[in-house]
Amino acid sequence: MRVLALVCTLKPSPAASSSDLIARQLLDLFAERGATGELVRVVDHDVKPGVEADLGDGDAWPALRHKLHDADILLIATPTWVGHLSSVAQRVLERLDAELSETDSDGRPAMFGKVAVAAVVGNEDGAHKIIADLFQALNDTGFSVPAQGGTYWNGEAMKGGDYTDLAETPEAVASANATLVRNAVHLATLLGEHRYPVA
């Protein structure tokens, strides 16, 4: 089983990133369940704006799209910016729009059978709304969402501080992370064994 983590921080590598940290924590948990993970910090790649699979010269999305097609589980990790997902995460959703017209050999949408999960971090409110927006867009594209497939950490409102500043992962977040991974692997296994019907 393969997991692709698309980290949608606004900070290019090698800057510290809370979205990157929580994604790495989740990939470690996936590895404990036998799932191989790969992390991609999207902002490090020239993903052009648009809704097509390939926007030509210099567009980095086709290579990321290939990784997505090879994965069983997609993890999108994003910071909260003014109560919303990052512009990088929005761009990923826009580029995924092209998958609506892609089908497998039996006519099923190409993302049918793939699982999507989400992780959100930030020192302001908005995580529930961001997860709702991500899951609606990903489900429209054909991804399946497991029970409790979202995890998040919000710092105290109106104060500074990041997830990377914590001495340890809060127990509630660690529990949510473990549930997300357990349920995502379970659902991906089921979908791998029993594909969605064609008709």
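This is a predicted model: local features need pLDDT of at least 70, side-chain atom pairs count only at pLDDT 80 or more; totals for chains, interfaces and linings use all residues.
Biologist: Which pattern of helices and strands does the protein chain follow?
Modeller: Start with the counts: the protein chain has 5 helices and 6 strands.

Biologist: What radius of gyration does the protein chain have, and why does it agree with a compact globule?
Modeller: The C-alpha trace spans about 50 × 40 × 25 Å along its principal axes. For 199 residues, a compact globule would come near 16 Å. The chain agrees with that rule, because its radius of gyration is 16 Å.

Biologist: Among contacts between residues at least 6 apart in sequence, what share joins residues at least 24 apart?
Modeller: Contact here means heavy atoms within 4.5 Å. Of the contacts between residues at least 6 apart in the protein chain, those joining residues at least 24 apart make up 78%.

Biologist: How many positive and negative side chains are there, and how far apart are the centres of the two sets?
Modeller: The protein chain has 16 positive side chains and 28 negative ones. The centres of these two sets are separated by 2 Å.

Biologist: Is T80 buried or exposed?
Modeller: T80 sits in strand β3, which covers residues 73-81. Buried means under 20% relative accessible area. T80 has 5% relative accessibility, so T80 counts as buried.

Biologist: Which residues is T80 in contact with, leaving aside its neighbours within four places in sequence?
Modeller: T80 belongs to strand β3. Beyond those sequence neighbours, its contacts are V120, V121, G122, E124, D125, G126, I130 and N154.

Methods:
Residues are numbered from 1 along each chain as its sequence is written. Side-chain values use heavy atoms; hydrogens and water are left out. Helices (H or I, at least four residues) and strands (E, at least two) are DSSP runs, numbered from the N terminus. The radius of gyration is taken over C-alpha atoms; the globule rule is 2.2 Å times the number of residues to the power 0.38. Lys and Arg count as positive and Asp and Glu as negative; His and the chain ends are not counted. The place of a charge is taken as NZ of Lys, CZ of Arg, CG of Asp or CD of Glu. Buried means under 20% relative accessible area, exposed over 50%, partly exposed in between (1.4 Å probe, protein chains only).
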